[in-house]
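Open the model in your viewer and keep the sequence panel beside it. The tour below says what to select at each stop and what is there.

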Protein chains: 4
Amino acid sequence: MNSKGFATGIWTFGPCPDRFCVEGYKPPRRMEEYLDDLVKVKDLTGVMMHYPDPVDEQKAEAVRRALEERNLALASLDVDLFSNPQFARGSLMSPQPKIRKKAIEMTKRSLDLAEQLGSEVVNLWPGQDGFDYPFQIDYREQWDLLLDALEEVASYNPRVKLSLEYKLREPRTHSTIATSGVALFLSQIVQLPNVGVTIDLGHSLNCKESPANVVALLDKFKKLFVLHLNDNFRDWDDDMVVGTVHFWETLEFIYYLYHSDYQGWLGLDIFPYREDPILACSLSIENIKWLLEVVAKIDSQTLRSFQKEGNALEALRYLKSQI
Amino acid sequence: MNSKGFATGIWTFGPCPDRFCVEGYKPPRRMEEYLDDLVKVKDLTGVMMHYPDPVDEQKAEAVRRALEERNLALASLDVDLFSNPQFARGSLMSPQPKIRKKAIEMTKRSLDLAEQLGSEVVNLWPGQDGFDYPFQIDYREQWDLLLDALEEVASYNPRVKLSLEYKLREPRTHSTIATSGVALFLSQIVQLPNVGVTIDLGHSLNCKESPANVVALLDKFKKLFVLHLNDNFRDWDDDMVVGTVHFWETLEFIYYLYHSDYQGWLGLDIFPYREDPILACSLSIENIKWLLEVVAKIDSQTLRSFQKEGNALEALRYLKSQI
Amino acid sequence: MNSKGFATGIWTFGPCPDRFCVEGYKPPRRMEEYLDDLVKVKDLTGVMMHYPDPVDEQKAEAVRRALEERNLALASLDVDLFSNPQFARGSLMSPQPKIRKKAIEMTKRSLDLAEQLGSEVVNLWPGQDGFDYPFQIDYREQWDLLLDALEEVASYNPRVKLSLEYKLREPRTHSTIATSGVALFLSQIVQLPNVGVTIDLGHSLNCKESPANVVALLDKFKKLFVLHLNDNFRDWDDDMVVGTVHFWETLEFIYYLYHSDYQGWLGLDIFPYREDPILACSLSIENIKWLLEVVAKIDSQTLRSFQKEGNALEALRYLKSQI
Amino acid sequence: MNSKGFATGIWTFGPCPDRFCVEGYKPPRRMEEYLDDLVKVKDLTGVMMHYPDPVDEQKAEAVRRALEERNLALASLDVDLFSNPQFARGSLMSPQPKIRKKAIEMTKRSLDLAEQLGSEVVNLWPGQDGFDYPFQIDYREQWDLLLDALEEVASYNPRVKLSLEYKLREPRTHSTIATSGVALFLSQIVQLPNVGVTIDLGHSLNCKESPANVVALLDKFKKLFVLHLNDNFRDWDDDMVVGTVHFWETLEFIYYLYHSDYQGWLGLDIFPYREDPILACSLSIENIKWLLEVVAKIDSQTLRSFQKEGNALEALRYLKSQI
């Protein structure tokens, strides 16, 4: 790994609403205020933002300046295909041509703006592309529409990476790009080198995957493009502070990252509904740095000697001795 | 069962937001407009509402009139202890005396207003009472505060039933009143006959319970007070249209209800984010009536003869023949 | 779909043990007795068996005769890489060369014997290939070993199909070939046309997939090779009678199969621990035939018209009218 | 807490079969050989055993001697109501009077033998009492039969504690005594002081409970009788080495135990299928002792000051500083 440093989604500093506390657990503020708080977090030097809010063609220059003033980099520009109710029943795979065209157009603009603002990647999470009920959509058409859309947008601007963020569910009961396997398959089948995969640590846990194993698989095929770090209780995307639930599996995830060719940001995607966002980011970074220190101490030969035998218990005992 | 008929939560007709589509998938409207839509649903004669919005002391008379004009009954008046961010870290079990007092006060007012408006029950879902992270709260204090609060509110107005709605999680990662077992235990230990339990069908599925079995257990101890009907995919409270995922278990749930002493409403608690609420309620009621027809045809002696042997397959084959 | 008819695993008729009732819920019997029971099930004309027990080079002729006498076809010959404790820590991806070689050898023999006995496919479920604890194995090495092994065995006898059966977990806490996405990716990346994927309906439910959606995806890429039909409660591979839990999703699965190019068997993979296996197979087949009848009545144009709008509720209402 | 020390189930040292590796991952040995291995584990001074195998009236004296020779105490004598296929469809709640009588009789004998052998508690896990399919049993009858049986056995020998071990599922898809709430309710409603509850840490995680919170609840009502310690990945009872998956929640569990009135054993209930049982027990105990050391360092006042605010993140940061 040769990471660009720590980044976070700007939404971490927002109201963090849910369906029961609709106004959000905190008051909304201006983008600049979010950034002012963000730079109070030690080691945070990148920020992930969405198109078209807070970044669009009109606001691009203001955003560039706001970042520059604070010595922040745009870690990724992500296209927001979920917050507008027009995408309620799908964006890139919407069976309604007009809506799908809009989604494709927005993704293209995100790619261009990302390039303009110095971000090498657009994270693509088509959260509304999926279904809620059995028989709701035609699955065959869905795959055709999605693959065509991916090809169109990824070939439109091949200088910017397009990273597919898989997620099992939410806001739909079933997402189309649900698991690492599906995302990897799609990124392979489109045959475009700028298409890769985002691992959101919590999404991976929610799929009951081993996140470390996903790192190994994606890295083998050079498809690990973006990281979203967080934690949860496995059954939902709780977007909690990194390392507060899964200690061993987060350590293992960091271990495989450390030994991978990953070149991107260590991006936080947390939703501190009731928590102070500065503290939530800080503790996440402290935890990751703690784990990185442990990882640096692990002697790979020793670990491998236990793994050759599948001796998990001696491996864990050895790791414990390094904490 | 001797049900009062079908009811629904008025929120079914609202914007149905989630954390990604914050403004909601539909525009908000006035309470009267919701009720106008509600009465378009065949067989819907009751409505569940929250205190203090849309019902409080000031609006009570207007609500009474709006219901009367449409021949609707108030099925239950539920206290909203979740939407105001002041309750973000707990209501009835908040360690902050002022906030807890506010929650207790609101629950008492709900009881009084329910009585005034002709509803015999207040549904109590303390959704913010729980925790998100390990070590976040003192669990011992939590149980003391909750039990004391339950005793205080339930004994305050013993003429109105107080029904505890359990839920595994959301909006917290862990609710305090999480399962049917905990709710039944609490309702027993407070030793007040007006305290009972709400089964939300989807919450029960989310707990990996057999909802029919919960009906049998609560009915045995005369603690089945309120029903919330819906469906989901087991891992989350999707609040879907009744019977669209779990056919056999919903049939079984209705079967046990039918043979229980339940005297309340058949209340819908669905969240039709992207669906027409009139259609969502209508299909829910059609499905329940379909299942009730099947249930009425089931010969209990025949079914029991298979159950004596634990012969699930002949039981299911017999049931299939009655569909 | 142009299916070869109904088949079942011969293990359906065995003792069906679990870790708590080790001797099994029923006494073991001879293979011929299992087959005698099997032919009592209406419409069952195929059987799935394992190499090397009950089929190996020595027993092949006796098995051929036993099947012929009962007018049964060998639906698939599956290689058993799980029951022998030598494979406890992996078979095809075992880091121990001798064990891995043994597993590869057994798979090759299964391919040859399948060809000899007239089965066009070997189902490959490497159940012990995976891991239990964090840090137990080297994930990078795992993928290399597995891919190499798949290439070696699949290219060894290209006249027989090799179908990868994915499963989330059990007997390991994590399987290597865990989801449909991973299985599809592997079958694509090996670039051998005789490598495809098995959908075990219950495994798919356990992955929280939409099984019908998986049919659509695999069929699009001509990778749907084998079916295992059963049901469960989503969180474990309960191997229950088909259609006894998930009515709508099983109907939807059958609907997509019906409209697919699938040419193989409708294979049952159930584990009737406490049930009569004849009854369990019979009810499974009755349920599938019932669903096939419904599917045949569904007018695709009508359904598509609702799907164009994402109108799940009218779609389901229409389907209900066809039951 | 004032624990009696560490104990383990003797089954830890057995073949550990599963349904796919029926003979077990290790060869079976004699009871004495298991005990010889057990005493090699540092700090292990108690053992949990089952009636009627390896302990029954005939073998009681030999067992007593074998334990005495090794300075081991019988931590609990548990009644085995699951391994004999006669109980396949239920034991204490079997609708077949003869089978139910047998189960009741066996439980009574366990109580007497426990007393005779110096164990103060019988752990009661009626693993076959439950159901697999919808409509399989009559739930109302089930609760009656179970409650009657509990009363009968618990009042038969009030000098021995009877501890109900709840479990969500396995070997049935649904257990009757499924959650801590149900177990606590049952232990309360029978009104016999010798009836309490066993927390199996992994069962609690599998119920998606907070195990520490369950400790607090049971301790408040003096119903925490027995502990089974292990770990898992939440969705199944993997019976893994303690602390190898859930670090924070295991720490929190130990913290609440430490501050409880628990007087029993720290019992391991692990199933080291592929692991060396001596190592598996040793690492479990090492991990628990490590956590106990951390717990001893935690200043409750400091922790409480964060909890008063619901400030989980400062609480966790403080805890991290104590590791």
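**Stop 1: chains A and C**

Select chains A and C: 43 residues of chain A are in contact with 43 residues of chain C. Two residues are in contact if their C-beta atoms, placed from the backbone, lie within 7 Å. On the side of chain A that touches chain C, H4, helix H5 (180–189), H7, H8, helix H10 (300–308) and helix H11 (312–321) of chain A each supply at least two residues. H5(A) gives the largest share of that side, six residues. Helices (H or I, at least four residues) and strands (E, at least two) are DSSP runs, numbered from the N terminus.

Before going on, note that this is a predicted model, in which local features need pLDDT of at least 70, side-chain atom pairs count only at pLDDT 80 or more, and totals for chains, interfaces and linings use all residues. Residues are numbered from 1 along each chain as its sequence is written, while chains are lettered from A and ligands numbered from 1 in the order in which they are written.

Two copies of a chain are related by a rotation about an axis and a shift along it.

**Stop 2: helix H4 of chain C**

Select residues 139–156 of chain C, which form helix H4. This helix has 18 residues and reaches 26 Å from its first C-alpha to its last, close to the 26 Å expected at 1.5 Å a residue. The expected span is 1.5 Å times one less than the number of residues.

Now colour the buried residues of H4(C), among them C:Trp143, C:Leu146, C:Leu150 and C:Val153. A residue is buried if 20 or more other C-beta atoms lie within 10 Å of its own, exposed if 12 or fewer, and partly exposed in between; C-beta atoms are placed from the backbone. Looking down the axis of H4(C), you find its buried residues within an arc of 165°, so they line one face of the helix. The arc is that of the directions from the helix axis to the C-beta atoms.

What covers these residues? The cover includes helix H7 (211–220) and helix H8 (247–258) of chain A. From chain C itself, the cover includes helix H3 (97–116), strand S6 (161–165), helix H5 (180–189) and strand S8 (195–200).

**Stop 3: strand S1 of chain A**

Go to residues 6–9 of chain A, strand S1, which is covered on both faces. A:Phe6 and A:Thr8 are buried on one side, and A:Ala7 and A:Gly9 on the other.

S1(A) pairs in the parallel sense with strand S10 (residues 266–268) of chain A over three bridges; two strands pair if DSSP finds at least two bridges between them. In S10(A), A:Gly267 is opposite A:Ala7. S1(A) also runs parallel to strand S2 (residues 44–51) of chain A, joined by four bridges, and here A:Thr8 is opposite A:Val47.

**Stop 4: backbone angles in the loops**

Most residues other than glycine have a negative phi, and most peptide bonds are trans. Select A:Cys16, in the loop between S1 and H1 of chain A; its phi is positive, near 50°. A:Cys16 counts as buried, with 21 C-beta neighbours inside 10 Å.

Next is A:Phe135, in the loop between strand S5 (130–131) and helix H4 (139–156) of chain A. Its phi is also positive, about 70°, and A:Phe135 is buried, with 26 other C-beta atoms within 10 Å.

Finish at A:Pro52, in the loop between S2 and helix H2 (60–69) of chain A. The peptide bond from A:Tyr51 to A:Pro52 is cis, with omega near 10°.
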